[in-house]
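Visitor: I have a new structure open and have not looked at it before. Can you walk me through it?

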Amino acid sequence: MNVSSLSQVNKGDLQARVLVAGRLIALAGVFLPLFLIGILKFTQIEIDALKPLISGTPWLAWLYVVFGFAGTSYLLGVVEIATAVLFVLAAWSPRAAIAAGALGALTFTTTVSTLLALPICEDESGGFPFLNFLGSFLIKDVALLGISLVVLGEGLLRSGARTS
């Protein structure tokens, strides 16, 4: 159910109201980190914080060769902010939902993939499954990837896109 169908929800229908609230909170849960962290990408603190993450991930390190440290951070910031805006628009536009879901899935697949290359477990606590700060920061992106795929799928359904 999208925001445009809110008027169709019977005010007394608890299940539908909970579903609508859950969807709105899920969208806010994707929008806020994308937007707020996207803004951070334009600061020196974030440019420096990204260096070990991107340099330590072989399939992302090429970004520094092509764009440099600041350029890579700025590029990521632009993509994250644009994706955040698309998630807001997704409630009303199937095309925005498809774009938001696809860009969100790409973004969060990329960040989740870094879990495979970076040290994410706390060795002093016994290793896996005890996450260190980095692992705790990155693991949430699994849920954000799932929400992105739901938004993408719903956008495709709303647009009438054929799957066969």
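Predicted model: local features only at pLDDT ≥ 70, side-chain atom pairs only at ≥ 80, totals over all residues.

Visitor: Fine. How many helices and strands are there in the protein?

Guide: The protein has six helices and zero strands. Along the sequence, the pattern reads α-α-α-α-α-α.

Visitor: And what box do the C-alpha atoms fill?

Guide: Taken along the principal axes, the box is roughly 50 × 40 × 35 Å.

Visitor: What share of the residues is buried?

Guide: Of the 164 residues in the protein, 34% are buried. As for contacts with a separation of 6 or more, 62% of them are between residues 24 or more positions apart.

Visitor: Switching to charges. How many salt bridges does the count come to?

Guide: The count is five salt bridges. As background, side chains of opposite charge can pair when their charged atoms come close.

Visitor: Which residues are linked in a network of salt bridges?

Guide: Lys-41, Glu-46 and Glu-80 are linked in such a network. Lys-41 pairs with Glu-46 at 3.3 Å, N to O, and the side chain of Lys-41 also meets that of Glu-80 at 3.4 Å, again N to O.

Visitor: Where do Lys-41 and Glu-80 sit in the chain?

Guide: Lys-41 is in the loop between α1 (14-40) and α2 (44-55), while Glu-80 is in helix α3 (residues 62-89). The two are 39 residues apart, and the pair links distant parts of the chain.

Visitor: Are Lys-41 and Glu-80 buried or exposed?

Guide: Lys-41 and Glu-80 are both buried. Glu-46 is buried as well, with a relative accessible area of 14%, which is under the 20% cut-off.

Visitor: What else does Glu-46 touch?

Guide: Glu-46 belongs to helix α2. Leaving aside neighbours within four places in sequence, Glu-46 is in contact with Ile-37, Leu-40, Lys-41 and Ser-73.

Visitor: Which residue forms a salt bridge with Asp-48?

Guide: That is Lys-51, and the closest N and O atoms are 3.2 Å apart. Lys-51 and Asp-48 are separated by about one helical turn, because they are three residues apart in helix α2.

Visitor: On to helix packing. At what angle do α1 and α6 pack?

Guide: The angle between α1 and helix α6 (residues 141-159) is about 120 degrees, and their axes are 10 Å apart. That angle makes α1 oblique to α6. The crossing of α1 and α6 is left-handed.

Visitor: Which residues of α1 and α6 meet?

Guide: From α1 there are Arg-23, Ala-26, Leu-27, Gly-29, Val-30 and Pro-33. From α6 there are Leu-144, Ile-147, Val-150, Val-151 and Glu-154. By class, this contact of α1 with α6 has eight nonpolar, one polar and two charged residues.

Visitor: And how do α3 and α4 pack?

Guide: The angle between α3 and α4 is about 140 degrees, with their axes 8 Å apart. The two helices are therefore oblique to each other, and their crossing is left-handed.

Visitor: Which residues are in that contact, and of what class?

Guide: In α3 they are Val-79, Thr-83, Leu-86, Phe-87 and Leu-89. They meet Ala-96, Ala-99, Ala-100, Gly-101, Leu-103, Gly-104 and Thr-107 in α4. The residues of the contact of α3 with α4 divide into eight nonpolar, four polar and no charged.

Visitor: Where is Thr-107, and is it buried or exposed?

Guide: Thr-107 is in helix α4 (residues 94-113). At 12% relative accessibility, Thr-107 counts as buried. Leaving aside neighbours within four places in sequence, Thr-107 is in contact with Leu-34 and Val-79.

Visitor: Last one. What about Leu-63?

Guide: Leu-63 is found in helix α3 and is buried, with a relative accessible area of 10%. Beyond neighbours within four places in sequence, Leu-63 is in contact with Gly-68 and Thr-72. The C-alpha atoms of Leu-63 and Leu-149 are separated by 25 Å, and these residues are 86 apart along the chain.

Notes
Residues numbered from 1 in each chain as written. Heavy atoms only, no water. Salt bridge = Lys/Arg side-chain N within 4 Å of Asp/Glu carboxyl O. Helix = DSSP H or I, 4+ residues; strand = E, 2+ residues; numbered from the N terminus. Buried < 20%, exposed > 50% of the residue type's maximum accessible area, 1.4 Å probe, protein only. Axes fitted to C-alpha atoms, helices over the stretch in contact; angles between N-to-C directions. Parallel < 35°, antiparallel > 145°, perpendicular 65-115°, else oblique. Left-handed = near helix turned anticlockwise from the far one by under 90°. Contact = heavy atoms within 4.5 Å. Nonpolar A, V, L, I, M, F, W, Y, C, P; charged D, E, K, R; others polar.
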